[in-house]
Amino acid sequence: MAAPASAGGFRVPAAGARAESPGSGDRPDAGQPAPAGDLRSVLVTSVLSLEPLDLDLFRGRHYWVPATRRLFGGQIVGQALVAAAKAVGEDVHAHSLHCYFVRAGDPTVPVLYQVERTRTGKSFSVRSVKAIQHGKPILICQASFQQTQESPVQHQFTMPTVPPPEELLSQEELIQKYLQDPNLVEKYRLGLNKILAQEVPVEIKPVSPSKTFCQLSQEPKQLLWVRARGYIGECDMKLHCCVAAYISDYAFLGTALLPHRQHPVKFMVSLDHSMWFHAPFRADHWMLYECESPWAGKSSPCCRCWGAAWPQDNGCSLSRAGGCRGLVHGRLWRRDGVLAVTCAQEGVIRVTQSPAESKL
């Protein structure tokens, strides 16, 4: 079956089109025709292909659903950005989005996306999107788009020095390797098989495999090479931003759990998600995802309780500032060292705590 020439309201090159763009020299198909056959990324042909129902009203369907049976947050964010991008012209590019997850998504029904054209200016345009199920919003998104403008004010951090993706094993290859260990504990074997059975449309290569599947606590940082499965090609940059929005939420909040692996997770869900797009990139080319969690917190006294009450919780209704939340930051780097995207997310993380040891 031939892949469609467009998806999600974006101009996508035909299967034989040549594809070159900044940072594209990291893949065998860079500058070459798309591979023969239906090898286009499912993120373009299915996940991010919204059905128009009316002016600024779209319907999205689901592809991959996590084991939690809640909709994957990256899918909702990516689809919301698609809906917003359909309501702007081709002469602007996405520069930021800010989302709040307000209800859990139901994987048994489609999602409706309602767009409000909040403002259309000369340089910046803002679109507001509500993702709706059962008549109620499950996500609220504000997306901003900008006309291309040059500036002499430029700087960025330096990309971490890591092995290239060609020298690393994929997540699937690593799991297969671990499953061959006859001494692997059965519960870990079951967990790895569950991961292997998932059809995630994202390719991942951990930079430090020993830390990725380790059960010991470690610093809240991880480095991953990521890209969309399949071919997307050179097209409207807004589409690559939508794909990056999907990719950015995968394994992101889990960074905050890395120092706390001794605690079984009872509940983990995203509260909000923000992204800033800095430079052109190809979401179907390898990008380094640098993730770190600067903070995670539990209940703690409020400012009025500092002093005699600190560090004890005296029952004040304001003394629950941490709220079992965790914060994560992320940076997506092109292979040529250009910082392409910055991400931030906060989520609720509830774990099973061990009974306090007696001091008697």
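Student: Which residue in β14 is the bridge partner of Val265?
Tutor: The partner of Val265 is Val351, in β14. Strands here are DSSP runs of E with at least two residues, and helices are runs of H or I with at least four, both numbered from the N terminus.

Student: What kind of model is this, and how are residues numbered?
Tutor: This is a predicted model, in which local features need pLDDT of at least 70 and side-chain atom pairs count only at pLDDT 80 or more, while totals for chains, interfaces and linings use all residues. Residues are numbered from 1 along each chain as its sequence is written, and side-chain values use heavy atoms, with hydrogens and water left out.

Student: Back to β11, then. How many bridges join β11 to β14?
Tutor: Eleven bridges link β11 to β14 (residues 339-351), and the two strands run antiparallel. Strands are taken as paired if DSSP finds at least two bridges between them.

Student: And how many join β5 to β11?
Tutor: Five bridges connect β5 (residues 92-101) with β11 (residues 265-277), again in an antiparallel arrangement. One of the residues involved is His98, whose bridge partner in β11 is Ser274.

Student: Now Gln345: is Gln345 buried or exposed?
Tutor: Gln345, which lies in β14, counts as buried because its relative accessibility is 1%. Buried means under 20% relative accessible area, exposed means over 50%, and partly exposed lies in between (1.4 Å probe, protein chains only).

Student: How far apart are Val348 and Ser270?
Tutor: Val348 and Ser270 are 78 residues apart in sequence but 6.4 Å apart in space, C-alpha to C-alpha. Val348 is also in β14 and counts as buried, since its relative accessibility is 10%.

Student: Changing topic, how many residues are in the largest nonpolar core?
Tutor: The largest nonpolar core has 68 residues, and Phe277 is among those with the most contacts inside it, as are Leu97 and Tyr113. Apart from it lies another core of nine residues, including Met159 and Trp225. Such a core is a set of buried Ala, Val, Leu, Ile, Met, Phe, Trp, Tyr and Cys residues joined through side-chain atoms within 4.5 Å.

Student: And what about loops: where is Thr255?
Tutor: Thr255 is in the loop between α6 (237-248) and β11. Thr255 counts as buried because its relative accessibility is 0%, and its side chain makes a polar contact of 2.9 Å with that of Gln222.

Student: What is the phi of Ala251?
Tutor: The phi of Ala251 is near 65°, a positive value in a residue other than glycine. Ala251 sits in the loop between α6 and β11 and is partly exposed, because its relative accessible area is 39%.

Student: And what is the phi of Asp56?
Tutor: Asp56 has a positive phi of about 60°, although it is not a glycine. Asp56 is in the loop between β3 (51-54) and β4 (57-60), and counts as buried because its relative accessibility is 11%.

Terms used
A polar contact is a pair of N or O atoms within 3.5 Å; within protein, one must be able to donate a hydrogen and the other to accept it, and residues adjacent in sequence count only if both atoms are side-chain atoms.
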